[in-house]
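Hi everyone, thanks for coming along.

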Amino acid sequence: MDYKSSGVDIEAGYRSVELIKKYVEKTFRPEVLSGLGGFSGAFSLAKIKEMDEPVLLSGTDGVGTKLKLAFIMDRHDTIGIDCVAMCVNDVVCAGGEPLFFLDYIACGKNNPEKIACIVSGVSEGCIASGAALIGGETAEMPGFYPEDEYDLAGFAVGVADKKDIINGAQVKAGDILIGIASSGVHSNGFSLVRQVFEMSRENLERYYDELDITLGEALLAPTRIYVRAIFAVKSSGVRIKACSHITGGGFYENIPRMLPEGVAASVKKDSYKIPAIFNLIAKNGNVNEEVMYNTFNMGIGMVIAVDENETEKALKAIHLSGERACVIGKVISGAGGIELC
């Protein structure tokens, strides 16, 4: 009896590390002091000393049951982007610059090529957000996960000068709400999605005219990373008063989270075109409008609040960063919450 006969292949683990090295090293920033294979990742804080009052910001998340679609379609190259996005988007919501990222992959059987494919996506997400991938863990857990399945989670650390933190404290009635477009469902609401559509490879490979791609491609589209967009707005001189990452809970839960007491959000539903995938979910699942806006991002992945006279400047900066955005509403006097009109 040995470890391999019990289901854990140490040699496969070594091969996984060798295969992912090239993806990890692509993400390194000058502050990275350690290579792959150490017991911990080392990251220099020398640059942070330039700030008046540096504050560390952190975020951790996973990809949720979107992974089930990756298993069915045997598509693992973008799921890592989702994992990074879910973490760094939360960090940038507070005005933080992502510094480094760590991932955790737990699997039933270590397939080195599959692990490398997953990490290639993590690497791509880290590059897009400017975060260094300085460590991680691949845990082979036979008997706990099926051989062809895995879980993926991550952890990001960022930094901001205390005076630059986005906390919503200065938001007032009359401020404008700008919505930055999502790439689709992102990484929330898939427990409902999997009830609406038959989760078979045949059905996920079905082409829909309204989507202009297959259902699976639309649903697996990776979560947008908004780091560049938010920092483009800040670099333009616009003060972002509040910021909300539209994740689980949709509009109803996430937009009010960024508002102080005494104000509410008024969002115009017809201010932008809702992506076809959401209309398809609502139609096929007979899902009412309130549930849709309380579950999904409905085509808006990030919302920021800015002073009315800085609206055009903010929109221009977002567009120059490569993202799409539009005015979706405004801040009004009220006892919190959100009204959709």
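Before I point at anything, one term: buried means under 20% relative accessible area, exposed means over 50%, and partly exposed is in between, with a 1.4 Å probe and protein chains only. This is a predicted model, so to speak: local features need pLDDT of at least 70, side-chain atom pairs count only at pLDDT 80 or more, and totals for chains, interfaces and linings use all residues. Residues are numbered from 1 along each chain as its sequence is written, and side-chain values use heavy atoms, with hydrogens and water left out.

Let's begin with helix H8, residues 227–235, where Val227, Ala229, Ile230 and Val233 are buried. Helices here are DSSP runs of H or I with at least four residues, strands are runs of E with at least two, and both are numbered from the N terminus. In general, an α-helix has 3.6 residues a turn, so residues three or four places apart point the same way. After H8 comes Gly237, with a positive phi near 95°.

Now the interior. A nonpolar core is a set of buried Ala, Val, Leu, Ile, Met, Phe, Trp, Tyr and Cys residues joined through side-chain atoms within 4.5 Å. Which residues touch the most other members of the largest core? They are Phe101 and Phe251, in a core of 98 residues. Helix H3, residues 79–93, supplies the largest share, 10 residues. This core lies between domain 1 (3–164) and domain 2 (175–340), because both give residues to it; those bounds come from an automatic or database domain assignment. There is also a second, separate core of 9 residues, with Val32, Phe100, Ala132 and Val159 among them.

For 172–335, we have 37% helix and 21% strand, and the end C-alpha atoms lie 13 Å apart.

Last stop, Ser44, in the loop between H1 and strand E1 (54–62). Is Ser44 buried or partly exposed? Ser44 is partly exposed, because its relative accessible area is 23%. From Ser44 to Asp175 is 131 residues in sequence and 39 Å in space, C-alpha to C-alpha.

Thanks, everyone!
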